[in-house]
Amino acid sequence: MTFTANVKAGPLTLIPEVRFDNTSKSDQFVDGNGNFTTGASQFVLAAVYAF
């Protein structure tokens, strides 16, 4: 699942994105301790300036 939004502030557009990944296999993702896990999540923020 991915959730994305566009937030406009004048000529600046902020685009936050949150992503959640899940799988039934236990060896697809690695957590911060180096252990295998079945899920992962990410957050990305993009800034676009139009002139």
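Predicted model: local features only at pLDDT ≥ 70, side-chain atom pairs only at ≥ 80, totals over all residues.
Trainee: Quick one on aspartate 21: buried or exposed?
Mentor: Buried, because its relative accessibility comes out at 17%. The cut-offs are under 20% relative accessible area for buried and over 50% for exposed, with partly exposed in between, using a 1.4 Å probe and protein chains only.

Trainee: Ok, which side chain does aspartate 21 meet in a salt bridge?
Mentor: Arginine 19, at 3.1 Å from N to O. A salt bridge here means a side-chain nitrogen of Lys or Arg within 4 Å of a carboxyl oxygen of Asp or Glu. Arginine 19 counts as partly exposed, because its relative accessibility is 40%.

Trainee: How many salt bridges turn up in the whole structure?
Mentor: The search finds 1.

Trainee: Switching to rings: how many aromatic pairs?
Mentor: The count is 2. Rings of Phe, Tyr and Trp (its six-membered ring) pair if their centres lie within 6.5 Å; planes under 30 degrees apart are stacked, over 60 edge-to-face, and the rest tilted. Phenylalanine 3 and phenylalanine 20 make an edge-to-face pair, with 6.4 Å between centres and 70° between planes.

Trainee: Which strands do those two sit in?
Mentor: Phenylalanine 3 is in β1 (residues 2-4) and phenylalanine 20 in β3 (residues 12-22), so the pair ties together parts 17 residues apart in sequence. Strands are DSSP runs (E, at least two residues), numbered from the N terminus.

Trainee: What about the rings of tyrosine 49 and phenylalanine 51?
Mentor: Their centres are 6.3 Å apart and the planes meet at 25°, so that pair is stacked. Tyrosine 49 and phenylalanine 51 are both exposed.

Trainee: Which way do β1 and β3 run?
Mentor: Antiparallel, joined by 3 bridges. Strands pair if DSSP finds at least two bridges between them. Threonine 2 stands opposite arginine 19 of β3.

Trainee: Which residue has a positive phi in the hairpin of β2 and β3?
Mentor: Glycine 10, near 70°, in a hairpin with 2 residues between the strands. Strand β2 (residues 7-9) is antiparallel to β3 over 3 bridges, and alanine 9 faces leucine 12 there.

Trainee: And how many bridges for β3 with β6?
Mentor: There are 11, again antiparallel, with β6 covering residues 39-49. Isoleucine 15 has alanine 46 of β6 as its bridge partner.

Technical notes
Residues numbered from 1 in each chain as written. Heavy atoms only, no water. Helix = DSSP H or I, 4+ residues; strand = E, 2+ residues; numbered from the N terminus.
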